[in-house]
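Work through the exercises below with the structure in view. Each task is followed by a solution in steps.

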Amino acid sequence: MRIAFLGTGRMGTELARHLLGEHEVTVWNRTAERAAPLVAEGAALAEDPAAAVRDAEVVITSLFGPDAVRETVLAPRLIPDGIPWIDTTTISPADADEFAAAVPTYVGVPVVGTLGPARSGRLGVYVGTEDDALREQVLELVAPWADPERLRGVASGRAAATGKLLANLALAVSAQGLREALALGEAAGSTPEETLEMLDATGLAFIAGMKGPFVRGERTPEGGDFTVDAIAKDARLMIDTADGTTRPGADLPALRAALASLDAAIAAGHGDDDFSSILLEGAARTGE
């Protein structure tokens with residue numbers, strides 16, 4: 001199959017890599033150098049999005065957010081009539097409705113997980129469209145990305161976008177919980193390592209296991225798995241979604257606290273670092 005893949009950032013590169021060999025893949029990225037590893041592995045490089053999609057049978061986008069999708073895809077009416085558009089970008093449910101209304105072949109396909117699961121083909125993947133036949137086609141195409149037990153077809157792009165935001169809300173709030181647990185442990189006289197060990201028997205065990213290497217100093221946040229900028233952008237999408245409803249209880253105070261920590265890390269110059277940066281302050285750094 002001839003596939004145009006637009007957006008070869010950290011996640012996009014891993015997703016596109018799984019398609020090489022089985023398909024004829026043409027890639028485009030705003031910064032062309034970011035596509036170089038895929039070109040070295042056999043992908044063709046397009047000079048612009050229009051050139052990438054010219055002969056494509058499927059278009060896949062992996063962009064930074066909904067505004068990038070509007071600029072790259074919707075404004076120039078990029079998707080040829082009848083060509084499936086698979087969008088892995090993290091967007092809001094309202095964005096998904098907008099994109100599906102603009103392009104009838106739109107399929108929302110957000111992925112859940114970081115670079116490790118992406119490399120091993122063990123991501124969670126939602127495939128959302130009202131078109132049953134198209135959904136089945138896309139489920140088969142993206143299966144190399146997914147843990148088979150976490151590959152889910154859903155009835156709309158809106159449902160897929162909601163699933164992704166829920167996953168990232170859990171991640172952001174858990175990270176804020178770990179940040180506060182480390183602060184409480186420090187106040188009680190525990191070392192970060194002791195706090196991490198005590199969290200093994202709690203609901204924070206997953207995030208403590210995921211980010212423990214950063215807290216211990218075994219990894220640095222530079223070039224990490226999921227950037228502060230990216231999860232902060234996603235948190236704003238969640239808050240905007242909640243702010244758009246009049247339903248009681250939609251204020252998301254825990255998420256707002258997490259976003260405040262992320263924004264502080266961005267202000268300190270860590271936007272392109274792993275979001276574990278919010279854990280690495282003062283005594284929360286093992287060895288300091």
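**Exercise 1.** State the volume of the largest pocket in this predicted model, and find which residues lie closest to its centre.

*Solution.* Step 1: the volume of the largest pocket is about 1,100 Å³. Step 2: its lining has 45 residues, and those closest to the centre are Arg 10, Met 11, Phe 64, Phe 226 and Ala 230. Step 3: sorted by class, the lining holds 18 nonpolar, 17 polar and 10 charged residues. Step 4: helix 8 provides the largest share of this lining, 6 residues.

**Exercise 2.** Describe the second largest pocket by its volume and by the classes of its lining residues.

*Solution.* Step 1: the space in the second largest pocket is about 210 Å³. Step 2: the residues lining it include Pro 93, Thr 162, Leu 165, Met 238 and Leu 252. Step 3: by class there are 7 nonpolar residues, 2 polar and no charged. Step 4: helix 8 again gives the largest share, here 4 residues, and helix 11 also supplies at least two.

**Exercise 3.** In the largest nonpolar core, find which residues touch the most other members and which helix gives the most residues.

*Solution.* Step 1: among the 31 residues of this core, Leu 178, Ile 231, Leu 262, Phe 275 and Leu 279 touch the most other members. Step 2: helices 8, 10, 11 and 12 each supply at least two core residues. Step 3: helix 11 gives the most, 8 residues. Step 4: a separate core of 30 residues includes Met 11, Leu 15, Leu 19 and Ile 86.

Methods
Residues numbered from 1 in each chain as written. Predicted model: local features only at pLDDT ≥ 70, side-chain atom pairs only at ≥ 80, totals over all residues. Heavy atoms only, no water. Core = buried A, V, L, I, M, F, W, Y, C linked by side-chain atoms within 4.5 Å. Buried < 20%, exposed > 50% of the residue type's maximum accessible area, 1.4 Å probe, protein only. 1 Å grid on protein atoms, 1.4 Å probe; cavity = no way out; pocket = protein on both sides within 12 Å on 5 of 7 lines; lining within 4 Å. Points joined across faces, edges and corners; volume = space filled by probe spheres on them. Nonpolar A, V, L, I, M, F, W, Y, C, P; charged D, E, K, R; others polar.
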